Amino acid sequence: MVFPKVKALILDRDGTLIVHVPYLADPERVELLPGVREGLLAAQRAGLKFFLHSNQSGVGRGLYPLEAVHACNRRLIELLNLGVSPFARICIAPERPDEASVYRKPSPAFAREVLKDFNLRPEEVCYIGDRGLDLETAARAGTRGVGVATGLEDLRAELAAAKLADVYPVFDRFDDAVRHLLAEAK
């Protein structure tokens, strides 16, 4: 099957781009996962736009302020070393899971805004994440989705239990996921 060229990636942060530290609030603890910079550099060279979509319920739970999330994002951007603003837009959903929210994944609201504001078709956008919630967001938005088995949970088992193992490919490294997406359109 030949897919249209991916033009944008909507990326989860914790467990996908950086080592998952529960309720991360200290920028000194931000650590890139293996292959992340290489994968994003390849995607950047291919002309893809990047978006960051992160649930941060620690803010809603009162564990740390929103500024701590911004500080960790600044550290992520510094470590990526892909320019001052590698993300075209960043969406932080600070609500607790039990609160009403517009942007908390699996809400497709952020993806729909990206599609509209950047004149993209759903098949030109791919969510990359380490949890079923990230891929559920892709499904609800009508975009593509790719998993990375780099987080705290067993993504392959999670997808198998939901009978979605054949729907979403899962890779052991972020750069392998990006290579897969770049090769699909050739």
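**Helices, sheet and cores in a predicted model**

In α4, the buried residues are A109, F110, A111, V114 and L115; buried here means under 20% relative accessible area, exposed means over 50%, and partly exposed falls in between, using a 1.4 Å probe and protein chains only. Helices are DSSP runs of H or I with at least four residues, strands are runs of E with at least two, and both are numbered from the N terminus. This is a predicted model, so local features need pLDDT of at least 70 and side-chain atom pairs count only at pLDDT 80 or more, while totals for chains, interfaces and linings use all residues. Residues are numbered from 1 along each chain as its sequence is written, and side-chain values use heavy atoms, with hydrogens and water left out.

The buried residues of α4 pack against β1, β2, β3, β4 and α5, where contact means heavy atoms within 4.5 Å. N119 belongs to the loop between α4 and β4 and counts as exposed, at 70% relative accessibility.

Helix α5 is largely enclosed by the rest of the structure, because seven of its ten residues are buried. The buried residues are G132, L133, D134, L135, T137, A138 and A141, and their cover includes β2, α4, β4, β5 and α6. After α5 comes G142, with a positive phi near 80 degrees. Another positive phi turns up at K163, near 60 degrees and in a residue other than glycine. K163 lies in the loop between α6 (155–161) and β6 and is exposed, with a relative accessible area of 73%.

As for the sheet, six strands make up an open, parallel arrangement in the order β3-β2-β1-β4-β5-β6. Its edges are β3 (87–93) and β6 (170–171), each of which pairs on one side only; two strands pair if DSSP finds at least two bridges between them. Strands β1 (residues 8–11) and β4 (residues 125–129) run parallel and are joined by four bridges, with L11 standing opposite I128 in β4. Out in strand β3 is A88, which is partly exposed at a relative accessible area of 41%. Leaving aside neighbours within four places in sequence, A88 is in contact with F50, F51 and F118. A88 and E99 are eleven residues apart in sequence, yet their C-alpha atoms are 27 Å apart in space.

Next, the nonpolar cores. A nonpolar core is a set of buried Ala, Val, Leu, Ile, Met, Phe, Trp, Tyr and Cys residues joined through side-chain atoms within 4.5 Å. The largest one has 31 residues, and those with the most contacts inside it are L9, L11, L17 and I128. At least two residues of this core come from each of β1, α1 (36–45), β2 (49–55), α3 (66–80), β4, β5 (144–148) and α7 (174–184). A second, separate core of 13 residues includes I10, V114, V125 and A138. Beyond its neighbours within four places in sequence, I128 is in contact with L9, I10, L11, D12, T16, V146, V148, F174, V178 and L181.

A search of the whole structure for disulfides (pairs of cysteine sulfur atoms within 2.5 Å) finds zero. The sulfur of C72 is 17 Å from the closest cysteine sulfur, in C91, which is too far for a bond. C126 is in no disulfide either, as the nearest cysteine sulfur, that of C91, is 17 Å away. C72 counts as buried at 1% relative accessibility, and C126 counts as buried at 0%.

Finally, the largest pocket holds about 420 Å³ of space. A pocket is an open set of points on a 1 Å grid over the protein atoms alone, where a 1.4 Å probe fits, with protein on both sides within 12 Å along at least five of seven lines; lining residues have an atom within 4 Å of a point. The points are joined across faces, edges and corners, and the volume is the space filled by probe spheres set on them. Of the 23 lining residues, D14, H20, N55, S57 and R131 are the closest to the pocket centre. β2, α2 (57–60) and α5 (132–141) each supply at least two residues of the lining.
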